[in-house]
Amino acid sequence: MTKLIPVPCFDYVVFGATGDLARRKLMPALYHRLRDGQVLDGSRIVGVSRRDLSDDDYRAMIREALDQFLPEEDKDAETIDSFLGMLRYVAADVGDEAGWPRLKELLEEGADRVRAFYLAVGPDLFTEICAGVGSRGLVTPQTRVVIEKPVGKDLASAEQVNEAVGKVFTEEQVFRIDHYLGKETVQNLMVLRFGNVLYEPLWNSAHVDHVQITVGETIGVGTRGGYYDTSGALRDMVQNHMLQLLCLVAMEPPDSFEANAVRDEKLKILKALKPIAGDNADIVTVRGQYRAGAANGNPAPGYLEEIGKDRSSTETFVALKAEISNWRWAGVPFYLRTGKRLPTRVSEIVVAFKPIPHSIFPKDAGTVEANRLVLRLQPDEGVKQWIMIKDPGPGGMRVRHVPLDMSFADAFKVRHPDAYERLLLDVVRGNQTLFMRRDEVEAAWRWIDPIREAWEASGTPLKPYVAGSWGPSAAIALIERDGRTWHED
Ligand code: BG6
């Protein structure tokens with residue numbers, strides 16, 4: 001049984017308290033931590049939003065949210081009541097003076113405890129909220145601010161946001177969330193690499209042929225069309241989640257698991273990414289947009305229909321070939337692909353090793369295939385190491401490619417916590433290892449911006465794909481051109 005250590009007493013102030021993120025993710029995550037005994041008595045969650053609600057109205061709203069978003073087996077009436085008892089509500093429009101005195105008064109009751117401002121709001125409000133809490137003296141030495149992605153929409157806007165946040169908070173107080181870093185299997189990638197002696201000697205261009213990172217979703221853009229249409233898959237998924245995964249696969253061993261040691265190594269990878277720009281962008285990237293098709297066996301509308309527009313140049317799918325210019329990885333392509341309305345929800349990292357140099361087996365023994373290490377991040381979290389074995393049974397020598405399969409659900413009979421559960425408490429602990437530092441976010445934009453600019457300059461139209469397919473056929477051609485294929489289990 002894992003030992004759970006309680007975190008210090010806190011006041012979590014959630015701006016955007018009535019929004020989807022707060023109701024769907026943040027409140028259920030904090031509930032789980034309370035249920036597991038990690039939240040000390042007296043800790044409070046202060047919801048802030050424009051809606052005119054009383055504490056009790058807000059508690060009723062969150063009771064409903066917990067009912068909707070908690071799995072049946074996790075609902076515990078007594079813990080739900082204690083959790084609702086932690087909630088307070090402040091109606092405030094950040095641009096208006098009215099709500100601030102009540103927030104200040106509430107927070108002064110817990111002046112020396114850990115205080116976290118969680119900005120679960122659109123990025124256009126980050127600056128105003130930070131300036132607001134700063135000018136009203138709400139930032140104590142024990143205060144942290146949590147910023148959701150997207151941090152900006154390009155390098156220039158990210159710098160502006162970081163600058164504004166930095167006027168009020170030191171970098172040690174800023175927690176930029178990338179929820180992929182809170183996923184169990186993503187952290188397991190670090191343990192697999194740096195807690196075992198097996199992989200590290202092979203983890204380089206001498207032995208690795210290529211790496212694939214796939215994040216596929218079956219959902220469309222749904223109600224998020226307004227945001228998504230100004231963003232697209234490159235900004236929404238590649239700039240953050242996918243590049244973070246790439247960094248964790250490719251980084252050098254940090255000398256400790258301390259935040260800056262890990263972040264320094266990730267930053268070096270971001271800086272070593274070979275630029276993709278100009279005509280090259282059309283060769284090594286593919287962008288697509290889904291048309292009507294199917295999702296989970298049901299008819300599904302196309303993207304334009306979903307967002308209610310006649311045209312849009314926003315990509316809902318991206319595949320690209322990235323390269324890292326350093327000694328370890330020169331010549332090893334990293335193929336990335338992500339999209340909405342793909343056939344299955346799957347996030348996985350595939351490290352494809354090189355083939356053996358020479359086969360000693362007779363031709364009719366079967367093909368000796370190269371080893372692959374597959375880390376399944378979701379669903380069905382686990383690790384598969386594909387190896388060659390002798391096909392069991394008599395009748396001569398035949399070889400077979402099989403996975404050494406470790407499904408975490410089978411191996412560990414524990415609940416898999418949502419990424420937010422770990423991240424929210426890491427904020428209280430003041431542990432920034434799983435959060436992005438300012439220079440990382442900016443380095444990622446520095447690599448992403450020229451791709452976007454090249455797409456805009458070339459005017460190459462988006463490639464349509466049918467909802468429920470693996471994206472445009474050009475994405476398959478992108479990898480097959482190099483004599484490789486996308487991994488299929
Ligand atoms: C978010 C993106 O950051 O990640 C969404 O904005 C995407 O578009 C989501 O759907 C995917 O997260 P997960 O945890 O469901 O893989």
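Which residues are around the ligand? Taking near to mean that a heavy atom of the residue lies within 4 Å of the molecule, we find Lys-149, His-179, Tyr-180, Lys-183, Glu-217, Arg-224, Asp-236, Met-237, His-241, Lys-340, Arg-345 and Gln-378.

Before I go on, please keep in mind that this is a predicted model, in which local features need pLDDT of at least 70 and side-chain atom pairs count only at pLDDT 80 or more, whereas totals for chains, interfaces and linings use all residues. Residues are numbered from 1 along each chain as its sequence is written, and side-chain values use heavy atoms, with hydrogens and water left out.

Let me stay with the ligand for a moment. The shell around it divides into 2 nonpolar, 3 polar and 7 charged residues, where Ala, Val, Leu, Ile, Met, Phe, Trp, Tyr, Cys and Pro count as nonpolar, Asp, Glu, Lys and Arg as charged, and the others, Gly among them, as polar. Helix H9 gives the most to this shell, with 3 residues; helices here are DSSP runs of H or I with at least four residues, strands are runs of E with at least two, and both are numbered from the N terminus.

Now to the backbone. Most residues other than glycine have a negative phi, and most peptide bonds are trans. Lys-149, which we met around the ligand, is joined to Pro-150 by a cis peptide bond with omega of about 0 degrees, and Pro-150 lies in the loop between strand S5 (143–147) and helix H6 (155–168). Gln-378, also one of the residues around the ligand, is joined to Pro-379 by a cis peptide bond, with omega of about -15 degrees. Pro-379 sits in the loop between strand S14 (372–378) and strand S15 (382–390), and Asp-380 has its place in the loop between S14 and S15 too. Asp-380 has a positive phi of about 50 degrees, although it is not a glycine, and at 57% relative accessibility it counts as exposed, a word that stands for over 50%, with buried for under 20% and partly exposed in between (1.4 Å probe, protein chains only).

Finally, what does a search of the whole structure find in the way of cavities of 30 Å³ or more? There are 2, a cavity being a set of points on a 1 Å grid over the protein atoms alone where a 1.4 Å probe fits but cannot get out, and lining residues having an atom within 4 Å of a point.

Methods. On a 1 Å grid over the protein atoms alone, a cavity is a set of points where a 1.4 Å probe fits but cannot get out, and a pocket is an open set with protein on both sides within 12 Å along at least five of seven lines; lining residues have an atom within 4 Å of a point. Grid points are joined across faces, edges and corners, and a volume is the space filled by probe spheres set on the points.
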